[in-house]
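Please look over the sequence and the fold.

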Amino acid sequence: MKIYIPDIPVEGLEIELKEHTEINNIIVPVSAQLKVEKVGTEIMIKGSLTSDVIFQCSRCLKDFSMRIFINVDVFYHPVEELKGEETHEIKIDELDMDFYSGEELDIMNLINEQIMLNIPMKPLCSETCKGICIKCGTDLNAGICKCETLHIDPRLASLKTFLENS
């Protein structure tokens with residue numbers, strides 16, 4: 001969905017949308033309630049979005065769906081403000097700022113970016129997920145494997161042999 005910037009009214013623009021977008025090559029549903037305001041050349045977008053994203057558990061490697069809620073608070077400035085600068089160091093107060101060029105702003109780019117920024121680094125299907133056995137690959141949530149759990153660091157194997165023989 002694109003917004004034509006000159007058409008944003010003084011009182012702002014309320015956007016409520018239900019779309020599908022592609023995250024990590026998977027199509028996911030997204031719903032968003034956003035308020036778009038324009039002050040001079042600055043565009044402010046605030047609101048929230050919700051999406052059901054499919055992840056792979058970092059412990060058991062099973063796919064699972066998780067609903068994520070994201071608060072959106074982003075400012076857009078015209079990219080022309082950067083002209084003349086070869087490099088621009090981002091300051092702490094500029095982390096929620098982006099730039100636009102031309103007279104259109106694509107809201108789906110903002111939504112995709114916000115979802116990607118809020119994907120957990122280590123998604124878990126459950127906080128109590130036991131994962132898989134590192135030896136046989138058995139799902140430890142489904143049952144117990146018969147692998148020996150005693151692990152000896154191979155660097156200390158000669159010490160173990162020494163202690164057994166003394």
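## A buried aspartate

Asp139 lies in the loop that runs between H1 and helix H2 (157–165). The model is predicted. Is Asp139 buried or exposed? Asp139 counts as buried because its relative accessibility is 15%, and the cut-off for buried is under 20%.

What does Asp139 touch, leaving aside neighbours within four places in sequence? Its contacts are Cys60, Lys62, Gly131 and Ile132.

## A partly exposed histidine

His88 also sits in a loop, between E5 and strand E6 (97–100). Its relative accessibility is 32%, so His88 counts as partly exposed. Partly exposed falls between the buried limit of 20% and the exposed limit of 50%.

Not counting residues up to four places away in sequence, His88 touches Leu82 and Glu94. Ser65 is 23 residues from His88 along the chain. The C-alpha atoms of His88 and Ser65 are separated by 38 Å.

## The largest nonpolar core

The largest nonpolar core has 34 residues. Which of them touch the most other members? They are Ile43, Ile45, Ile111 and Ile115. At least two core residues come from each of these elements: strand E2 (13–23), strand E3 (26–39), strand E4 (42–56), strand E5 (63–78) and helix H1 (107–117). E5 gives the largest share, six residues. In soluble globular proteins, nonpolar side chains tend to be buried together.

Now take Ile115 by itself. Leaving aside neighbours within four places in sequence, Ile115 is in contact with Thr21, Ile23, Val30, Leu49, Ser51, Val53, Ile68 and Ile70.

Note on methods: Residues are numbered from 1 along each chain as its sequence is written. This is a predicted model: local features need pLDDT of at least 70, side-chain atom pairs count only at pLDDT 80 or more; totals for chains, interfaces and linings use all residues. Side-chain values use heavy atoms; hydrogens and water are left out. A nonpolar core is a set of buried Ala, Val, Leu, Ile, Met, Phe, Trp, Tyr and Cys residues joined through side-chain atoms within 4.5 Å. Buried means under 20% relative accessible area, exposed over 50%, partly exposed in between (1.4 Å probe, protein chains only). Helices (H or I, at least four residues) and strands (E, at least two) are DSSP runs, numbered from the N terminus. Contact means heavy atoms within 4.5 Å.
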